[in-house]
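Student: Could we go through this model together, with each label set against its cut-off? I would like to see how the values lead to the words.

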Amino acid sequence: MNSEQFLNWIILNPEYAGLAMFAVGFLESFFIIGVVWPSIILLLFAVGLSKADIDIAYICISAGIGSWVGDTMSFYSGLFFGPKLRSLSFLKKRDAIFLKGEEFFKKYGWGGILIGRLIPAIRPFIPFIAGISAMKSVIFLSSSIIACLIWSLTLAILILGIDNIINFFKHL
């Protein structure tokens, strides 16, 4: 089943729209999958559901919760696997990268999470690096919640904007 068939199935079964957006938000944010899962998939999926008259708040809240769960799992994966990864000979040679990450989070703290969450190319890596850098869980979790709220509102604005553009060109 390709993405278009999946979207059509969700449109025919709107009771699964929230679960689908949760899954897409999670996949886009989780550090392992988010590397190869571009943000545009989430945006196009959300626009498709919106065009099918699924409530935009439902779409954005579901995607936001999925993203937060993906971020949280990435963070705790970094905390758990970070020390083991850093001891690998391949990564020991690149310890300067980890030190830069630690300095970044010491310098910017929760602001680094907020900013990093809004940049698609680095979004899946920020929580994992924060975990490897042993950022305090309270700081990460609170900043991640705020970042996901901002991201969800931004998603709603993008959906509305794209919807208005589509409607504009329909009436030409």
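Student: Which residues of H8 are buried?

Tutor: The buried residues of H8 are Ile126, Pro127, Phe128, Ala130, Gly131 and Ile132. Buried means under 20% relative accessible area, exposed means over 50%, and partly exposed lies in between (1.4 Å probe, protein chains only). Before we go on: this is a predicted model, in which local features need pLDDT of at least 70 and side-chain atom pairs count only at pLDDT 80 or more, while totals for chains, interfaces and linings use all residues. Residues are numbered from 1 along each chain as its sequence is written, and side-chain values use heavy atoms, with hydrogens and water left out.

Student: Why is H8 called largely enclosed?

Tutor: Because six of its eight residues are buried, H8 is largely enclosed by the rest of the structure. The cover over those buried residues includes helix H4 (56-86), helix H6 (95-108), helix H7 (110-117) and helix H9 (137-170). As for the helix labels, helices (H or I, at least four residues) and strands (E, at least two) are DSSP runs, numbered from the N terminus. Following H8 comes Ala134, with a positive phi near 60°.

Student: Why is Phe125 called partly exposed?

Tutor: Phe125 belongs to H8, which spans residues 125-132. Its relative accessible area is 34%, so Phe125 is partly exposed.

Student: What makes the nonpolar surface patch that includes Phe125?

Tutor: Val35, Val36, Ile115, Ile119, Ile122, Phe125 and Ile129 make it, and the patch covers about 600 Å². Patch members need over 30% relative accessible area and no salt bridge; nonpolar side chains (Val, Leu, Ile, Met, Phe, Trp, Tyr) are joined within 5 Å, and like charges within 9 Å. The salt bridge in that rule is a side-chain nitrogen of Lys or Arg within 4 Å of a carboxyl oxygen of Asp or Glu. Accessible areas come from the Shrake-Rupley method with a 1.4 Å probe, and for residues only the protein chains shown count as cover.

Student: How many helices and strands are there in the chain?

Tutor: The chain has nine helices and zero strands. Its C-alpha trace spans about 55 × 30 × 30 Å along the principal axes. Of its 172 residues, 42% count as buried. The chain exposes about 9800 Å², and carbon and sulfur atoms supply 74% of that area.

Student: Which residues touch the most other members of the largest nonpolar core?

Tutor: That core has 20 residues, and Met21, Leu42, Phe45, Leu49, Ile59, Leu155 and Ile159 touch the most other members. A nonpolar core is a set of buried Ala, Val, Leu, Ile, Met, Phe, Trp, Tyr and Cys residues joined through side-chain atoms within 4.5 Å. Two or more residues of this core come from each of helix H1 (3-12), helix H2 (17-29), helix H3 (39-51), H4 and H9. H3 gives the largest share, six residues.

Student: What is Met21 in contact with, leaving aside its neighbours within four places in sequence?

Tutor: Met21 is in contact with Leu42, Phe45, Ala46, Leu49, Ile59, Ser62 and Ala63. Contact means heavy atoms within 4.5 Å.

Student: What makes Ile11 partly exposed?

Tutor: Ile11 sits in helix H1, and its relative accessible area is 31%, so Ile11 is partly exposed. Not counting residues up to four places away in sequence, Ile11 touches Gly48, Leu49 and Ala52. Ile11 and Lys51 are 40 residues apart in sequence and 9.4 Å apart in space, C-alpha to C-alpha.

Student: Is Thr72 buried or exposed?

Tutor: Thr72 has a relative accessible area of 12%, so Thr72 is buried. Its place is in helix H4, and Thr72 touches Phe140 and Leu141, not counting residues up to four places away in sequence.

Student: How many disulfides does a search of the whole structure find?

Tutor: The search finds zero disulfides. Cys60 is in none, and the nearest cysteine sulfur, that of Cys148, is 12 Å away. Cys60 is buried, with a relative accessible area of 5%, and Cys148 is buried, with a relative accessible area of 4%.

How values were computed: A disulfide is a pair of cysteine sulfur atoms within 2.5 Å.
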